[in-house]
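Dear colleague,

Please find the structure for your study below. A short account of its salt bridges follows.

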Amino acid sequence: MTEFTMTVAGSPVPTAGTFDVVNPATGEVYAAAPDCSREQLDAAMDSAAKAYRDWKADESARRDALRQAAGLLMGASADLAPVLTAEQGKPLADANMEILGTGMWIQYYADLQLGREVIQDDDSAFVEVVRRPLGVVAAITPWSFPLILAAWKIAPALLAGNTMVLKPSPFTPLTTLKMGELLASVLPPGVLNVVSGGDELGSWMTAHPVPRKISFTGSVATGKRVAAAAAPDLKRVTLELGGNDPAILLDDVDPATVADSVFRGAFANNGQVCSAIKRVYVPEAIYDSVVDALAEKARAAKVGDGTLPDTELGPINNKPQFERVSGLVADAIAGGARAAAGGKPIDGPGYFFEPTILADVTDGVRIVDEEQFGPALPVIAYRDIDDALARANATHFGLSGSVWGADAERAGQVAEQLECGTAWVNTHLAVAPHQPFGGAKWSGIGVENGSWGYYGFTELQVVHRAKR
C-alpha cells in the first residue's frame with residue numbers, strides 16, 4: 001500500500017504534485033500523498049453535483065450501499081490499520097479498533113429509520129414535516145481519528161441523500177485516500193470524492209460555490225475561518241472544534257480507584273482527543289493521593305512505536321503539535337508547576353513525549369487555560385464544589401466534561417451544572433453512534449451522531465395538503 005491516489009467520480013486520479021507524509025514514530029517521510037489542484041477540486045465538486053441527482057432519489061439503494069461500505073471497511077482492517085499507525089502513530093490495536101468503529105458507525109446509519117412527522121391531520125389539512133437533503137457537502141477531517149471522524153460525516157450525509165467531497169488532514173491523508181478507493185467499488189461514481197492537500201485546499205473547499213454545507217472537525221481558530229468563509233454564500237455549517245474538558249473529582253472518591261479511569265480518559269490516543277480530559281480538579285484533602293496515583297499510572301505507561309505489540313501510547317502526531325505540548329509543559333514548570341511524572345520529550349527519533357502529570361498548578365497557567373491536545377495533564381486543587389464548578393466553566397471551551405463520585409446521584413447533579421455539550425458521570429469519552437455529540441461556546445456549532453447528526457445534513461420541508 002505504497003501508492004496513494006485521490007478518488008474523483010469513482011476513479012483514481014493522479015496529481016502533478018505531491019506532499020510528504022511523515023511517520024511520527026520515526027520523524028521520517030513514510031509516503032507521498034497527492035496534492036489536489038484547483039481544477040481537480042472543481043472536477044470533484046462537479047462530480048458530486050451530478051451524482052446528487054440520482055443518489056437522492058432512491059433511499060433503499062443508499063441504505064444498501066452504506067451496508068456494503070460498512071462491511072467492506074471492517075473486512076479491510078488488516079490492510080488499513082498498518083497505514084493508519086504509520087501516518088498517525090497510534091498503536092496497531094487502536095488503529096484496528098478505529099477502522100472497525102468506522103464500519104460500525106456507517107452500519108448504524110444504514111439501519112437508522114426516521115419517518116415523516118405528521119403535525120396536522122384533520123378535516124382541513126394533512127400536514128407533514130419532511131427532511132430533504134442539502135446537496136453537495138464539503139467535509140474536512142482532523143488527524144486525531146482520520147477514519148472514524150470521517151464516518152461521522154459520510155454516513156449521515158449520504159443516508160440523507162447528499163453527496164460529498166472529503167478532505168483529510170495533510171498530516172494523515174493516506175488511510176482516508178485508501179478508504180475512498182475501497183468505497184468506490186460500492187458507491188456510485190461521484191457520491192464520495194476524496195481529495196488531499198494542505199490548508200490552501202481547505203480554503204478552496206469552504207469558499208467553493210458548489211457545496212451547500214461544510215462539516216468541519218478541527219481547531220477553534222480554523223473553525224472560525226470556516227464559518228467566515230461559509231457566511232457569504234449562507235452555507236450551512238457543522239463545526240466540531242476544540243475542547244478543554246474538566247474532570248471534577250468529588251470528596252468521596254477513592255483516589256486509587258478513580259485514577260485508572262481518569263488517566264485513560266486523559267491519555268487515550270496519547271491525549272490527542274478533542275473531548276479527552278484536559279484538566280482535573282481535586283479536593284484539597286485528597287489532592288496529594290490523586291496526584292501520586294495518576295503519576296504512578298503515567299510512569300507505568302509503555303510509550304513506543306505503534307507497531308510494537310506492548311505499546312500503549314504512541315508519539316504525538318506531528319512536529320508542530322509536539323513543539324506545542326513541549327512548550328506548554330516547559331512554561332508550566334518554569335512557572336512553578338511540579339512534574340509528578342514525565343515533563344519532557346523522550347530522547348531519540350520521532351515525536352515522543354513522556355506521559356506527564358503536572359501538580360501544584362492552577363488556573364491562569366497556559367496548560368490549564370488552553371487545549372494541550374497531548375500527553376500532559378494538569379491537576380488543580382479546589383476547596384469547595386462551587387469553586388470547582390466556577391473554575392471549570394470559566395473558559396471559552398464547552399465540548400464536554402465529567403464528574404466523579406461515589407454518590408452517583410450527587411455527581412450527576414454537579415455534572416448538570418457543567419457548561420458543555422456532554423457531561424459524563426463516573427466515565428469519560430463514552431461516545432456512541434446513537435448519542436449526539438457537539439460543543440457549547442467556542443467548541444462548536446451543531447451536533448454529530450444519532451438522529452440529530454442526520455438532521456444536520458437536511459433541510460426541513462413542510463408538505464401541506466388541503467382537504468377543502
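A residue is called buried at under 20% relative accessible area, exposed at over 50%, and partly exposed in between (1.4 Å probe, protein chains only). The model is predicted: local features need pLDDT of at least 70, side-chain atom pairs count only at pLDDT 80 or more, and totals for chains, interfaces and linings use all residues. Residues are numbered from 1 along each chain as its sequence is written, and side-chain values use heavy atoms, with hydrogens and water left out.

The structure contains 26 salt bridges, a salt bridge being a side-chain nitrogen of Lys or Arg within 4 Å of a carboxyl oxygen of Asp or Glu. One of them joins D121 to K467, with an N to O distance of 2.7 Å. D121 belongs to strand β5 (residues 117-121) and K467 to the segment after β22 (458-466), so this pair ties together parts that are 346 residues apart in sequence. Helices (H or I, at least four residues) and strands (E, at least two) are DSSP runs, numbered from the N terminus. D121 is exposed at 52%, while K467 is partly exposed at 45%.

A further salt bridge links D233 and R212, whose closest N and O atoms are 2.9 Å apart. Both partners are partly exposed: D233 has a relative accessible area of 31% and R212 one of 27%.

Within helix α13 (residues 385-393), R391 and D387 stand 4 residues apart, about one turn of the helix, and their side chains form a salt bridge (2.9 Å, N to O). R391 is buried at 17%, whereas D387 is partly exposed at 25%.

Yours sincerely
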